[in-house]
Amino acid sequence: MTEHIVVVGGGTGGTVLANRLAEKLGPEIERGDARVTLVSDDPDHVYKPTFLYVPFGKKTVEDAKRPLADLVDRAVDIEIDRVTGIDTDGKRLSLRDGGSMAYDQLALALGAQLVPEELPGLAEGGHHFYGPDGADALRDEMAEFTEGHLVLSVIGTPHMCPAAPVEFVLMADAWFRERGLREDVEITYTYPIQRAHAIQNVADWASEAFEERNINVETFFNADEVDPEEGVLHSMEGTELDYDLLVGIPPHAGSDLVTEAGLGDDGWADVDKHTLESEHAEDVYVLGDLADVPTSKAGSVAHYEAGAVADRIASRTRGQTPTATYDGKTVCFIESGMDEATFVDFEYGTQPTVREPSKPVHWAKLGYNESYWLTARGLL
């Protein structure tokens, strides 16, 4: 009997997992004892960290895409379709095109969704760099912006790439200085809790960097409404900020599929933080941004989670007891300007050390971005 493993989602978590499964279960797949299917509603794989560089003209949105078929091992079946329902009792998925798909083991790597419409006025009055259209539009605005007040507001948490808002304002500061415009551009960064970042050590480092570069900081600022006509961002705390260019990190949401399948009440999936196994259904794993685990929603997290999940699924397929676990490992490069960067790494329950920014680390980050496609293919 063939064990059918279905991976849903063609982002970092799903692609790395599918390739790891093809590698680990190669003999079983060849004998017909196992089969791996990757289901994605997008024929392209998108590397989202690329979008940070688009507003500054350093990358294009096309640089962020590769055909999924070029990245996934040929031993994996690719199904371009959208999953519309999950029956965890019957172990069957409903598909948009009207069919269904049975599974023996299921891994969900659907990612987080942007929901700018949850904040009144944001879609009309704000920009962002968390998707291709937003990054392109922001690039055009930045190119024309020569003076005024740029406000970056982190609107709620959790959100993808937690360091990216800090990176954006530090890069904007350097970018405007390079263009001789910094004295004419005021920059303000807002964050919803009472420090500049959720991770204490990153918040301390960022606050010092912001002060050195004359970047205003508004903490405990929970955006409540954007008034595009007046150019005003209102907060729940009763404060307001005038802006000429608003960059808002949009509210994020999990997946209705998770809620409807009983895998989590609010769209984020309840999982064991070490095994990534669902707390509500057997033979269901959730990884990447969709999993409610106490660490960042970052690509490195999805990458490392995929390794542990692949090991566990492979063990189960062979009738063995899984032992692999995920320890919360997270690695994140942080741009501190246009030509310097630092990086942090940490695990569950630990605080990262923020190292002194340097040019070599900046080039290491750019080098990693270029080699990412090898990572997605499971070669790194």
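Predicted model: local features only at pLDDT ≥ 70, side-chain atom pairs only at ≥ 80, totals over all residues.

Biologist: Is Asp283 buried, exposed or partly exposed?

Modeller: Asp283 sits in the loop between helix 8 and strand 19; helices (H or I, at least four residues) and strands (E, at least two) are DSSP runs, numbered from the N terminus. Its phi is near 60 degrees, a positive value in a residue other than glycine. Most residues other than glycine have a negative phi. With a relative accessibility of 22%, Asp283 counts as partly exposed.

Biologist: What is the relative accessibility of Lys91, and where is Lys91 placed?

Modeller: Lys91 also has a positive phi without being glycine, with a value near 50 degrees. Its place is the loop between strand 6 (83–87) and strand 7 (92–95). Lys91 counts as partly exposed, because its relative accessibility is 24%.

Biologist: Which residues of helix 5 are buried, and why are they on the same side?

Modeller: Helix 5 takes in residues 132–144, and its 13 residues reach 19 Å from first C-alpha to last, close to the 18 Å expected at 1.5 Å a residue; the expected span is 1.5 Å times one less than the number of residues. The residues in question are Gly134, Ala135, Leu138 and Met142.

Biologist: Which exposed residues are on the face of helix 5 turned away from its buried side, and what covers the buried residues?

Modeller: The face turned away from the buried side of helix 5 carries exposed Asp133 and Glu144. As for the buried residues, their cover includes strand 11 (148–154), helix 6 (164–178) and strand 17 (245–249).

Biologist: How many residues of helix 6 are buried?

Modeller: The 15 residues of helix 6 should span 21 Å at 1.5 Å a residue, and its end C-alpha atoms are 20 Å apart, which agrees. Gly180 follows helix 6, with a positive phi near 70 degrees. Helix 6 is mostly covered, and the number of its 15 residues that are buried is 13.

Biologist: Which residues does Ala172 touch, leaving out those up to four places away in sequence?

Modeller: Ala172 is in helix 6, and it is buried, with a relative accessible area of 0%. Contact means heavy atoms within 4.5 Å. By that rule, and not counting residues up to four places away in sequence, Ala172 touches Phe56, Met142 and Ile187.

Biologist: How many residues of helix 9 are buried?

Modeller: Helix 9 covers residues 299–317, and its 19 residues reach 27 Å from first C-alpha to last, close to the 27 Å expected. Just after helix 9 comes Gly319, with a positive phi of about 80 degrees. Helix 9 is largely enclosed by the rest of the structure, because the number of its 19 residues that are buried is 15.

Biologist: How are helix 1 and helix 10 oriented to each other?

Modeller: Helix 1 (residues 12–24) and helix 10 (residues 359–376) pack at an angle of about 50 degrees, with axes 9 Å apart; axes are lines fitted to C-alpha atoms, for helices over the stretch in contact, and angles run from 0 to 180 degrees between N-to-C directions. The contact involves Thr12, Thr15, Val16 and Asn19 of helix 1 and Tyr372, Thr375 and Ala376 of helix 10. Angles under 35 degrees count as roughly parallel, over 145 as roughly antiparallel, 65 to 115 as roughly perpendicular and the rest as oblique. Helix 1 and helix 10 are therefore oblique.

Biologist: Which residues does Thr50 touch, leaving out those up to four places away in sequence?

Modeller: Thr50 is in the loop between strand 3 (44–46) and strand 4 (65–67). It is buried, at a relative accessible area of 6%. Not counting residues up to four places away in sequence, Thr50 touches Lys59, Thr60, Asp63 and Ala64.

Notes. Residues numbered from 1 in each chain as written. Heavy atoms only, no water. Buried < 20%, exposed > 50% of the residue type's maximum accessible area, 1.4 Å probe, protein only.
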